[in-house]
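Trainee: Hi! I have a new structure to look at today. Could you walk me through it?
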Amino acid sequence: MKVDKYFTSQYLVAGNTYDNFIFESCPTEFLIFAEKLLSKNNHEVKLCNIKLCSKQQEEIERVFLSCDNDFQMKVIASYYMTTLILKELFRGKNKEMFQSLQEQLAEFKNNNFLRIKKNYISGHMPYDVARKARKLGQKIELNIFLFDMDNIVLQQAINNFISSREPYSVKIFTNMERLSTYYDTNGNLIECPHDFMRRDVNKFIEENVVEKEQ
């Protein structure tokens with residue numbers, strides 16, 4: 001697989017985007033390639049890269065089974081996504097905060113619903129990401145890589161970071177043909193080009209010569 005140099009320089013180099021983008025129907029090989037490039041350090045930008053696949057989806061779906069209603073699921077999903085992002089924000093910046101966030105996320109793996117409920121009551125909200133970044137004096141970029149992720153409630157929590165129009169670039173990459181939903185947790189519809197822009201990655205990918213011959 002060969003990716004167009006212009007596309008790479010525009011969208012796969014940390015700090016080069018200022019708007020929100022959604023890249024759908026990404027080949028799995030491309031997702032891995034994009035994740036690798038967008039993990040390269042940029043001293044001007046703090047990268048908050050999140051990878052979600054079937055394993056993480058199954059973990060949070062187990063937690064959802066203990067929820068009393070849809071509203072509680074949405075609150076927990078929003079808390080989960082915010083905690084994931086803040087953990088990356090504080091990685092290498094604040095050891096104590098990073099450890100605390102890591103411990104909170106461990107409760108999802110352990111399916112400790114009582115502890116999760118206790119944590120989210122005093123947990124962070126999506127708007128805290130920009131606020132914490134400003135406090136750190138840090139410019140950030142949020143890159144979310146979705147591998148076979150189709151949970152609607154979790155996607156709504158992800159979409160919060162598109163609809164909020166915060167002062168940082170959000171890029172969502174998925175190997176699914178479309179996102180499972182284009183609504184956020186509050187029922188707001190995210191729309192192109194008002195909230196984000198689409199780019200068809202397949203127009204910028206050249207298959208290997210060997211694959212063509214086959």
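Trainee: Let me start with a detail: where does proline 193 lie?

Mentor: Proline 193 sits in the loop between E5 and E6. Keep in mind that this is a predicted model.

Trainee: Which kind of peptide bond joins cysteine 192 and proline 193?

Mentor: A cis one, with omega at about 5°.

Trainee: OK, zooming out. How many helices and strands does the protein have?

Mentor: There are 9 helices and 7 strands. The radius of gyration is 17 Å, close to the 17 Å that the globule rule gives for 214 residues, so the protein is as compact as a globular protein of that length. Its C-alpha trace spans about 55 × 35 × 30 Å along the principal axes.

Trainee: And what share of the residues is buried?

Mentor: Buried residues make up 49% of the 214. As for the surface, the protein exposes about 11,400 Å², and carbon and sulfur atoms supply 47% of that.

Trainee: Let's do the sheet. What is the strand order?

Mentor: The order is E3-E4-E5-E2-E6, in an open sheet of 5 strands with parallel pairing. Strand E3 (46–52) and strand E6 (197–198) are at the edges with a single partner strand each, so one side of each has no neighbour in the sheet.

Trainee: How many bridges pair E3 and E4?

Mentor: They pair over 7 bridges, in the parallel sense. Lysine 46 stands opposite isoleucine 140 in E4. On to the next pair: E4 and E5 run parallel and are joined by 6 bridges, and isoleucine 144 has isoleucine 172 in E5 as its bridge partner.

Trainee: What about E2 and E5, how many bridges there?

Mentor: That pair has 3 bridges, between residues 21–23 of E2 and residues 169–174 of E5, again running parallel. Phenylalanine 23 has phenylalanine 173 in E5 as its bridge partner.

Trainee: Then the core. Which residues have the most contacts inside the largest nonpolar core?

Mentor: Those are Leu52, Tyr80, Met81, Leu142 and Ile172, in a core of 46 residues. H4 gives the largest share of this core, 11 residues. Apart from it lies another core of 17 residues, among them Tyr11, Leu38, Phe145 and Phe147.

Trainee: What does tyrosine 80 contact?

Mentor: Leaving aside neighbours within four places in sequence, tyrosine 80 is in contact with Leu52, Gln56, Ile60, Leu105, Phe108 and Leu154.

Trainee: Changing topic: which residues of helix H7 are buried?

Mentor: In H7 (residues 127–136), they are Asp128, Val129, Ala130, Lys132 and Ala133. Their cover includes H4, E4 and helix H8 (152–163). H7 is followed by glycine 137, which has a positive phi near 65°.

Trainee: What about asparagine 111, what is its phi?

Mentor: Its phi is positive, about 55°, although asparagine 111 is not a glycine. Asparagine 111 is in the loop between helix H5 (95–109) and helix H6 (113–121), and at 31% relative accessibility it counts as partly exposed.

Trainee: Last one: where is serine 25?

Mentor: Serine 25 is in the loop between E2 and helix H2 (28–37). Phi of serine 25 is near 55°, a positive value in a residue other than glycine, and serine 25 is partly exposed with a relative accessible area of 31%.

Notes: Residues numbered from 1 in each chain as written. Predicted model: local features only at pLDDT ≥ 70, side-chain atom pairs only at ≥ 80, totals over all residues. Heavy atoms only, no water. Pairing = 2+ DSSP bridges. Helix = DSSP H or I, 4+ residues; strand = E, 2+ residues; numbered from the N terminus. Rg over C-alpha atoms; globule rule 2.2 N^0.38 Å. Buried < 20%, exposed > 50% of the residue type's maximum accessible area, 1.4 Å probe, protein only. Areas by Shrake-Rupley, 256 points an atom, 1.4 Å probe, with all protein chains shown as cover. Contact = heavy atoms within 4.5 Å. Core = buried A, V, L, I, M, F, W, Y, C linked by side-chain atoms within 4.5 Å.
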